[in-house]
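Subject: Handing over a structure, with notes

Dear colleague,

I am passing a structure on to you, and below it you will find some notes on what turned up when I went through it. Please read them with the structure open beside you.

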Amino acid sequence: MVPTRRERYEARQRRRSLLIAATSTTVVLAAIMILVPMTPGWEKVQRSFFNGEVLAKSFPKLLEAFKINVMIFAWSAPAIAILGLLIALARDTKSPALFPLRIFGAAFTDVFRGVPVILTVYLIGFGIPGLGLPRPWNSPYIWGSLALILTYSAYVAEIFRSGIESVHHSQRSAALSLGLSERQVMRDVVLPQAIRNVVPSQMNMLIALQKDVSLLSFIGPVEIFRQAGVFKSLLANFTPYVGAAIIFLIVTIPATRYADYLMARQRRDRS
Amino acid sequence: MAKLELRDVIKRFGDTTVCNGINLDVEEGQMVCLIGASGAGKSTLLRCINLLEPIDDGAILLDGEDISEPGLNPQAVRARIGMVFQSFNLFPHMTALENAMLAPRRVHGQTRTDLQPQVAALFARFGLADRMDNYPDQLSGGQQQRVAIVRALAMQPEVMLFDEITSALDPQLVGEVLDVLLMLKKQGMTMVLATHEMGFAREAADKVCFLKDGQIVEEGAPEQIFGAPQRAETRAFLARALK
């Protein structure tokens, strides 16, 4: 089919913007590649941060240590999802008998959102084993994970709550009018929609958690960040940190892309 | 004894009195249409009957039993009274069939297997047999509203309340929903409708009530209300509504 005049015009416009984008990207990249090596400290930085030899030597061990991060993440994430949901429900409860639960939920989210993660990790990770508990109950893995679980549950609970509020009240009316109880309305009608609505936001929490697992290195576990530190001392070189960053990025970039995709899809569905 | 009786029902929201002493008898198998301008109290009255809103004074009797008694468990009452809303309010995360089976499963404890044939028969009767497995967003407005009616009927209610159920529909889809109401009337369902469809009310209703400022100003057979309204307010409203 012969393109119309409008189609020809649009094709020309597309080619033009593509060309401009390619040119400007090339110019910026070239400038960085030419200018950065001209800085006085570049050679030193290159040797201590981007040393191929050191990277090759440390990378397998770093990967090995990253398994610890994955492990801590793998048992913390489900616990956070469950505890977060319970706290959200506790804060939403209307029954007067459960009023203490509501107060507890509110206090919980206030406290754990208000304290820096690293402080919680220190306080719980050093404090509780300090009670002189016998092995294995003095393990920093347990108490460090608990610190992460408590902090993240507080955030995750608030996201669940915003999800519950995002479900239109007419859904509740319709469900109640059918004779369902408040609990059934929550379980069968409101929660499934609420959870679906907040999946992208919760994905972002998971990504943040994946990174914050490294904070446990401060109380003992030799995970990737700690392992990189060991190499740094051993080889007097910062490249292992860059290696660790690369490993994190391999995991987090696809995850963030996926979260963005979910978010974009949700916006599209709503409009 | 009437199936449904309203006695001096008063409902206030803050300082606004939305229902101001409403008396109404709905006989078994009757279709009663509530007409009146937006804000006259039609929708609120329906929500009160279904106990979605607590009333401030008066009584609502179902089979002579006071269902507005404070402290009464509203679930048992709502299971006997079906309600359909202007905005459909289907559950978007469930198929049409699951929408209709949820309440019988949860409230009556019936199993999916037991329910499937009778609910499927309901869908078939209202021309939705091939739509049962669709999600609400895959259905037209008219289809969604008919699914909402089926969902309410699946509870086998004794009374059905319809709150302006055609107001959100494109004009060409209104007919298919009103046809469902006519089918229900033929089957002897007791129904109360809040509606702006004057033509339909005139043809199908057994009784028409004109509401203004939370009160029933005039009620009677449709021929009387539409043909020879007694009150000046009714005449003024109809003159505008039928223009």
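A residue counts as buried if 20 or more other C-beta atoms lie within 10 Å of its own, as exposed if 12 or fewer do, and as partly exposed in between, with the C-beta atoms placed from the backbone. The model is a predicted one, in which local features need pLDDT of at least 70 and side-chain atom pairs count only at pLDDT 80 or more, while totals for chains, interfaces and linings use all residues. Residues are numbered from 1 along each chain as its sequence is written, and chains are lettered from A and ligands numbered from 1 in the order in which they are written.

By that rule B:Arg12 counts as partly exposed, because it has 14 C-beta neighbours inside 10 Å. B:Arg12 belongs to strand β1 of chain B, where helices (H or I, at least four residues) and strands (E, at least two) are DSSP runs numbered from the N terminus. Two residues are in contact if their C-beta atoms, placed from the backbone, lie within 7 Å, and B:Arg12, once its neighbours within four places in sequence are left aside, is in contact with B:Thr17, B:Val18 and B:Asp56.

B:Leu51, in the loop between α1 (42-49) and β4 (57-62) of chain B, has a positive phi of about 60°, but B:Leu51 is buried, with 20 other C-beta atoms within 10 Å.

Turning to chain A, helix α1 (residues 5-35) has 31 residues and reaches 45 Å from its first C-alpha to its last, close to the 45 Å expected, the expected span being 1.5 Å times one less than the number of residues. The count of buried residues in α1(A) is zero. One of its residues is A:Leu35, which is exposed, with 10 other C-beta atoms within 10 Å.

How do helix α3 (residues 52-92) and helix α6 (residues 140-166) of chain A lie, and at roughly what angle do their axes cross? Their axes, which are lines fitted to C-alpha atoms over the stretch in contact, with angles running from 0 to 180 degrees between N-to-C directions, come within 6 Å and cross at roughly 45°. The two helices are therefore oblique to each other, given that angles under 35 degrees count as roughly parallel, over 145 as roughly antiparallel, 65 to 115 as roughly perpendicular and the rest as oblique. The residues of this contact divide into 17 nonpolar, four polar and three charged, where Ala, Val, Leu, Ile, Met, Phe, Trp, Tyr, Cys and Pro count as nonpolar, Asp, Glu, Lys and Arg as charged, and the others, Gly among them, as polar.

Finally, the two chains meet: 16 residues of chain A are in contact with 17 residues of chain B. On the side of chain A that touches chain B, α7 (169-177) and α8 (182-212) each supply at least two residues.
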